[in-house]
Amino acid sequence: MIIFPSYLSAPSALTTASVCQEILESGDVAEINAAHLRYVDPFGMAMLGACFHEARRRGCIIRVHQLPSGISGYLQRMDVFTGVELVECPTSNGTRHDRSDVLVELTQLCNHSEVGAVAYRLAKAMIGGANPDEVPDEMTGYTTFDRLVEPLQYALNELLENALTHARRGKKDACVWVASQYYPKKDLIRLGVVDDGCGFLASLQTHPKLQHKRHLEAILLALQPRVSCNRDLGLRNDSVNQGVGLTTTCRIAEHAGGRMILASGNAMHSTSGYSGEGMGVYWQGVGIAMEVTRSKLADVRVRELLPSLDDIPPVNLRFE
Amino acid sequence: MRSSVLLQAYAHGRLVGPRLTAAPIRDEVEIALAHGSEVVLDFSGVEATQSFIDGLVGALILQHGPDVLGRLVFKSCSDDVKAILQFVAADRSDQYLKTHSH
């Protein structure tokens, strides 16, 4: 019997990945005891979603036992248990209230064409009730809604598109799972983006700056500006990345009073300053958690967050 | 001769986000450039991600060289969009010149 810990969350990303690994190694049936589970954050939900999907794809029957009543309804509401049998668990009563102003259910994304729309839907939901019809500021032309939603939408576009693009380097049908929630009492927005692709190390293994083939080193390298596995490839057959999207997204999180946590392979790293590697832990793809203070999003100016170009001279552009 | 592309049509809310969105716009720009036109990229009412601008302008620079910028006009850009355009254009121009300097 696999035992769910108390927390399946970004700060315990290695524990979360370890549980998912157990599920994937279960063979025909994965029996899970969830009696101790207390909290699952959007990162945990996204990783469970990706894990359950892969397990079911392999023909595994997944059974979750004894979900506590305090969390059972919420996780079912978030669509975490699609295709999973719930045993001795309180079930939801079938009525789904519109909570689209504070949460977005676990969403699977498999096509690049969906990225823009999904990013906007999530960002709007996370702003939690700002008025999209507010009259714009006379000087700037922006509304409060614009100021709050755009940094989040920007980050989501970059994260979702990055995930789909890089995940599919190693696995053609890789998908991305995303979940998000706004916690009004803490004014906190949390979102989780997890893919079942090839991970940072596989993407960057031939990069000249990767000195040792370790997952933690690959994560740290990916966070450096202008590092990408495909900065220099041909245009028509491959997407050419500048290697700036993830860096800028991290800076958005930090400037909005938050952080990012990244996990891949056997390693995790938090932009708030801690890293870890787990023995026997392995997540094939990439998991990213982003946490921001909602009210601080309005202070984010992307132009202030772009990496420095050091000695590269500026070019003349024609603006009108 | 000038042709104009209004980017608001490609936005979700006020943001033109994904790199993939740039591909058909770039194709349209390439056709106009091939016919000898200048192309006006109209950013009225929108912001854009660095990925989108790189997918549009960065890719044009890598394909045609920095001289292509002389035939592109960027209209009604916010301060953020201007900064991203300058970043992408400088980085990709430098990359093109280094690649073609032999």
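**Exercise 1. Relative orientation of two helices in chain B**

Determine how helices H1(B) and H2(B) of this predicted model are oriented to each other.

*Solution.* 
Step 1. Identify the elements: H1 of chain B covers residues 22-34, and H2 of chain B covers residues 50-64.
Step 2. Take the geometry: the two axes come within 9 Å and cross at roughly 30°.
Step 3. Apply the cut-off: angles under 35 degrees count as roughly parallel. H1(B) and H2(B) are therefore roughly parallel to each other.
Step 4. List the residues in contact. H1(B) supplies Ala22(B), Ala23(B), Ile25(B), Arg26(B) and Val29(B), while H2(B) supplies Phe52(B), Gly55(B), Leu56(B), Ala59(B) and Leu60(B).
Step 5. Sort them by class: eight residues are nonpolar, one is polar and one is charged.

**Exercise 2. Packing of H4(A) on H5(A)**

Classify the packing of H4(A) and H5(A) from its angle, and describe the residues that form the contact.

*Solution.* 
Step 1. The axes of H4(A) and H5(A) are 8 Å apart, and the packing angle is about 140°.
Step 2. An angle would have to be over 145 degrees to count as roughly antiparallel. H4(A) is therefore oblique to H5(A).
Step 3. The crossing of H4(A) past H5(A) is right-handed.
Step 4. On H4(A), the contact residues include Val115(A), Val118(A), Leu122(A) and Ile127(A). Among those on H5(A) are Phe145(A), Leu148(A), Leu152(A) and Leu164(A).
Step 5. By class, the contact of H4(A) with H5(A) has 15 nonpolar, three polar and two charged residues.

**Exercise 3. The contact between chains A and B**

State what each chain gives to the contact, and describe the strand pairing of S14(A) with S5(B).

*Solution.* 
Step 1. Chain A contributes 35 residues and chain B contributes 39 residues.
Step 2. On the side of chain A, the elements that give two or more residues are H4 (115-127), H5 (144-170), H8 (245-255) and strand S14 (318-319).
Step 3. H5(A) gives the most to this side, with eight residues.
Step 4. The class composition of the side of chain A that touches chain B is 18 nonpolar, nine polar and eight charged residues.
Step 5. S14(A) pairs with strand S5 of chain B, residues 72-75, in the parallel sense over two bridges.
Step 6. Within this region, Arg318(A) stands opposite Val73(B) in S5(B).

Note on methods. Residues are numbered from 1 along each chain as its sequence is written. Chains are lettered from A and ligands numbered from 1 in the order in which they are written. This is a predicted model: local features need pLDDT of at least 70, side-chain atom pairs count only at pLDDT 80 or more; totals for chains, interfaces and linings use all residues. Axes are lines fitted to C-alpha atoms, for helices over the stretch in contact, and angles run from 0 to 180 degrees between N-to-C directions. Helices (H or I, at least four residues) and strands (E, at least two) are DSSP runs, numbered from the N terminus. Angles under 35 degrees count as roughly parallel, over 145 as roughly antiparallel, 65 to 115 as roughly perpendicular and the rest as oblique. Two residues are in contact if their C-beta atoms, placed from the backbone, lie within 7 Å. Ala, Val, Leu, Ile, Met, Phe, Trp, Tyr, Cys and Pro count as nonpolar, Asp, Glu, Lys and Arg as charged, and the others, Gly among them, as polar. Two strands pair if DSSP finds at least two bridges between them. A crossing is left-handed if the near helix is turned anticlockwise from the far one by less than a right angle, and right-handed if clockwise.
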